[in-house]
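Here is a short tour of one protein model, written for someone meeting it for the first time. Have a look at the sequence and the 3D view, then read on.

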Amino acid sequence: MTTGEHPLRPTTIARLRNGEPVAAWVLKARPSLWDIGAALRAGVELDWWRLAHSYRAELVGPGHPCVMWVTRGDPDTPAGVWAVGTVTGLPVDDSGDPDDPLWLDEAARRQVRPRIPVELEVLERPVLLEEVRDHPVLSGTEVLRVPRIGNPAALTPDEWAALEELLAG
């Protein structure tokens, strides 16, 4: 077996336009838009996530595995995977909750964007950026190669299997 191969590869849930298989979605949290650090500290239920307007939003569906990736920008919540879960429904267009005090960017909150219902479980120990960047398989993930890509980014079957191994400890 070569580096990056796994005996039990996860299921392909979608294919990107370039043919790349997707086994899980990466839902990015930008601390400059919504105070994800405060949400995590307060135990806010993470039951929805907003996506970018792109063909990828149409690929996301119920039962798909997903992870929440916090981007850089909050010194108290370092970049990395902070939650793991499942998409529970189809995307619908919606704006951010006007009564949600965690919005830091009013213009971003007002944008109508695809929104998906999710069940996310916050990890006791996040998988931080440095661990992902130093991993022989995960170092090539889309969220690292193209950090400004809109939500959702994708994990290939090999990347998802590698991340699951790290999560299992």
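## Salt bridges

A salt bridge here is a side-chain nitrogen of Lys or Arg within 4 Å of a carboxyl oxygen of Asp or Glu. Searching the whole structure turns up 4 of them. Before we go through some, a word on the source: this is a predicted model, where local features need pLDDT of at least 70 and side-chain atom pairs count only at pLDDT 80 or more, while totals for chains, interfaces and linings use all residues. Residues are numbered from 1 along each chain as its sequence is written, and side-chain values use heavy atoms, with hydrogens and water left out.

Asp 94 pairs up with Arg 115, their closest N and O atoms being 3.5 Å apart. Asp 94 sits in strand S7 (residues 92-94) and Arg 115 in strand S8 (residues 113-128), so this bridge ties together parts that are 21 residues apart in sequence. Helices (H or I, at least four residues) and strands (E, at least two) are DSSP runs, numbered from the N terminus. Glu 106 bridges to Arg 110, with 3.7 Å between the closest N and O atoms; both belong to helix H3 (residues 106-110), 4 residues apart, or about one turn of the helix. Glu 131 and Arg 125 also meet through their side chains, at 3.2 Å from N to O.

(Buried means under 20% relative accessible area, exposed over 50%, and partly exposed in between, using a 1.4 Å probe and protein chains only.)

## The nonpolar core

A nonpolar core is a set of buried Ala, Val, Leu, Ile, Met, Phe, Trp, Tyr and Cys residues joined through side-chain atoms within 4.5 Å. The largest one has 31 residues, and Trp 25, Ile 36, Trp 49 and Met 68 touch the most other members. Two or more residues come from each of strand S3 (24-29), helix H1 (36-42), strand S4 (48-50), strand S5 (65-70), strand S6 (80-87) and S8. H1 gives the most, with 4 residues.

## Helix H6

Among the buried residues of H6 are Trp 160, Leu 163 and Leu 166.

On a 1 Å grid over the protein atoms alone, a cavity is a set of points where a 1.4 Å probe fits but cannot get out; a pocket is an open set with protein on both sides within 12 Å along at least five of seven lines, and lining residues have an atom within 4 Å of a point. The largest cavity holds about 70 Å³, and its lining includes Val 26, Trp 69 and Leu 163.

The largest pocket is lined by 27 residues, with Lys 28, Ala 29, Arg 30, Leu 33 and Asn 151 nearest its centre. S4 supplies the largest share of that lining, 3 residues.

Technical notes: Grid points are joined across faces, edges and corners, and a volume is the space filled by probe spheres set on the points.
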